[in-house]
Amino acid sequence: MSNVLVIAEHEHGHLRKVNWSVLSFAKKAAAITGGEVIVALLGAGLGDAAKQVAQFDVAKVIVVDDSTLENYLTGEFASAVAGVAENADARIVCTVASLRGKDFMPRVAVKLEAGMISDVMDVMEEDDELLFKRPVWSGKLTEVLQATTDIICATVRHTEFDAMEPTGAGAEIEAGSPDIEGDGAEFVSFDAIISERPELSDANVIIAGGRGMKSREGFAQLEAFADLFGGAVGATRAAVDSGMCPNDWQIGQTGKVVAPDLYFAIAISGAIQHLAGMKGSKTIIAINKDPEAPIFQVADYGLVGDAFKILPELHAAVKAAKG
Ligand SMILES: Cc1cc2nc3c(=O)[nH]c(=O)nc-3n(C[C@H](O)[C@H](O)[C@H](O)COP(=O)(O)OP(=O)(O)OC[C@H]3O[C@@H](n4cnc5c(N)ncnc54)[C@H](O)[C@@H]3O)c2cc1C
């Protein structure tokens with residue numbers, strides 16, 4: 001048992017960019033376990049997605065194309081993943097540390113009698129032991145865990161690994177047909193939030209606002225600014241809780257973890273629970289009227305002043321620069 005099985009995340013066949021970072025983790029892990037990287041795609045109508053994954057340097061792509069998996073249900077999905085893992089000689093079964101990954105992977109661990117490690121930031125070997133690094137206390141500390149079970153299930157922080165580039169390798173695509181058993185839940189409907197903007201975890205530029213943006217209208221200014229970059233809009237929990245924006249915009253310990261190329265933190269104090277979700281961003285620009293705000297400690301560039309004065313000026317300057 002030495003392979004690393006990656007469960008690729010997709011939305012009705014549209015693969016998320018975060019998968020390519022999980023592949024980098026898997027490659028590193030497989031170099032330690034001495035196995036191969038195998039990717040599993042589970043859902044319905046996955047032909048094109050499978051071809052896309054096969055372009056990466058992986059040993060095999062297993063496709064479980066089954067109508068019972070068309071709409072995500074935890075029980076069915078976890079049972080299918082466990083079935084695939086049993087046949088894949090997997091030492092590590094992993095996926096991205098997203099809401100969905102964190103939902104199904106612990107159940108897979110129960111089924112496989114495997115250890116479960118969430119939010120993995122690194123994998124290494126010491127004295128022939130397989131070790132995993134993960135954050136604790138909102139990222140203030142990191143702990144190193146030793147794998148003591150035959151199989152390890154893991155969710156991986158995509159922000160800690162560079163995205164793997166496709167090589168055009170043309171990996172083998174194989175059909176999988178595990179037994180799929182539900183847990184009694186039934187799919188009723190899914191109200192998708194339709195947005196032209198990229199998903200937060202996939203965005204290269206994020207414009208995030210905090211309580212200091214004061215209202216929905218304040219956030220509308222951030223949205224218009226984000227559109228100049230083709231970026232996504234994020235928020236603090238304080239902004240979400242006070243109804244200025246939807247809760248799927250929340251970034252942080254209890255929200256999404258992101259690491260875009262450019263992160264604007266506008267009227268955000270920089271509480272540790274917020275930093276836990278964004279401090280891996282490549283360049284951070286903070287705007288805050290309080291020069292002592294903790295956000296300036298992680299910012300690459302800081303503008304001290306009133307966001308409602310600075311933002312329109314920045315907006316106009318970026319627009320002019322873009323022509
Ligand atoms: C268990 C737990 C989990 C949590 N999870 C999260 C999480 O996932 N994400 C998260 O974000 N928080 C989380 N929090 C909440 C977190 O502790 C903070 O309360 C929150 O991040 C603060 O949000 P804020 O920066 O918008 O608000 P505040 O801390 O109130 O800061 C507002 C900032 O705006 C500035 N400001 C005000 N007006 C202007 C202006 N006109 N121009 C410029 N600057 C201005 C102020 O100077 C201030 O720095 C969590 C808390 C707990 C206990």
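**Terms and ground rules**

I call a residue buried when its relative accessible area is under 20%, exposed when over 50%, and partly exposed in between, with a 1.4 Å probe and protein chains only. This is a predicted model, where local features need pLDDT of at least 70 and side-chain atom pairs count only at pLDDT 80 or more, while totals for chains, interfaces and linings use all residues. Residues are numbered from 1 along each chain as its sequence is written, and side-chain values use heavy atoms, leaving out hydrogens and water.

**Whole protein**

I looked up the helices and strands and got 9 helices and 17 strands. Helices here are DSSP runs of H or I with at least four residues, strands are runs of E with at least two, and both are numbered from the N terminus.

Then I checked the radius of gyration: it is 21 Å, close to the 20 Å from the globule rule for 323 residues, so the protein is as compact as a globular protein of that length. That radius is taken over C-alpha atoms, and the rule is 2.2 Å times the number of residues to the power 0.38. Along the principal axes, the C-alpha atoms fill a box of roughly 60 × 45 × 40 Å.

I noted that 50% of the 323 residues count as buried. For contacts (heavy atoms within 4.5 Å), I took those between residues at least 6 apart in sequence, and 64% of them join residues at least 24 apart.

On charges, I found 27 positive and 46 negative ones, with mean positions 9 Å apart. Lys and Arg count as positive, Asp and Glu as negative, and His and the chain ends are not counted. Each charge is placed at NZ of Lys, CZ of Arg, CG of Asp or CD of Glu.

**Ile 251**

I found Ile 251 in the loop between helix H6 (237-241) and strand S15 (262-266). Is Ile 251 buried or exposed? It counts as buried, because its relative accessibility is 2%. Leaving aside residues up to four places away in sequence, Ile 251 touches several others, including Leu 200, Ile 206, Tyr 263 and Met 278.

**Aromatic pairs**

My search of the whole structure gave 8 aromatic pairs. Rings of Phe, Tyr and Trp (its six-membered ring) pair if their centres lie within 6.5 Å; planes under 30 degrees apart are stacked, over 60 edge-to-face, and the rest tilted.

I looked at Trp 20 and Phe 56: their ring centres are 4.2 Å apart and the planes sit at 20 degrees, so this pair is stacked. Trp 20 is in helix H1 (residues 18-33), while Phe 56 is in the loop between helix H2 (47-53) and strand S5 (60-65), 36 residues apart. Both residues, Trp 20 and Phe 56, are buried.

Next came Phe 225 and Phe 264, with centres 5.2 Å apart and planes at 75 degrees, so I logged them as edge-to-face. Phe 225 lies in helix H5 (residues 216-229) and Phe 264 in strand S15, so the pair ties together parts 39 residues apart in sequence. Phe 225 is buried at 0% relative accessible area, and Phe 264 counts as buried at 4%.

I also saw that ring pairs link Tyr 72, Phe 77 and Phe 104 into a cluster.

**Asp 127 and Asp 128**

Where is Asp 127? I found it in the loop between strand S8 (122-126) and strand S9 (129-136), and Asp 128 is in the loop between S8 and S9 too. Asp 127 is not a glycine, but its phi is positive, about 50 degrees. Asp 128 has a positive phi near 65 degrees. Asp 127 is exposed with a relative accessible area of 70%, and Asp 128 is exposed with 70%.
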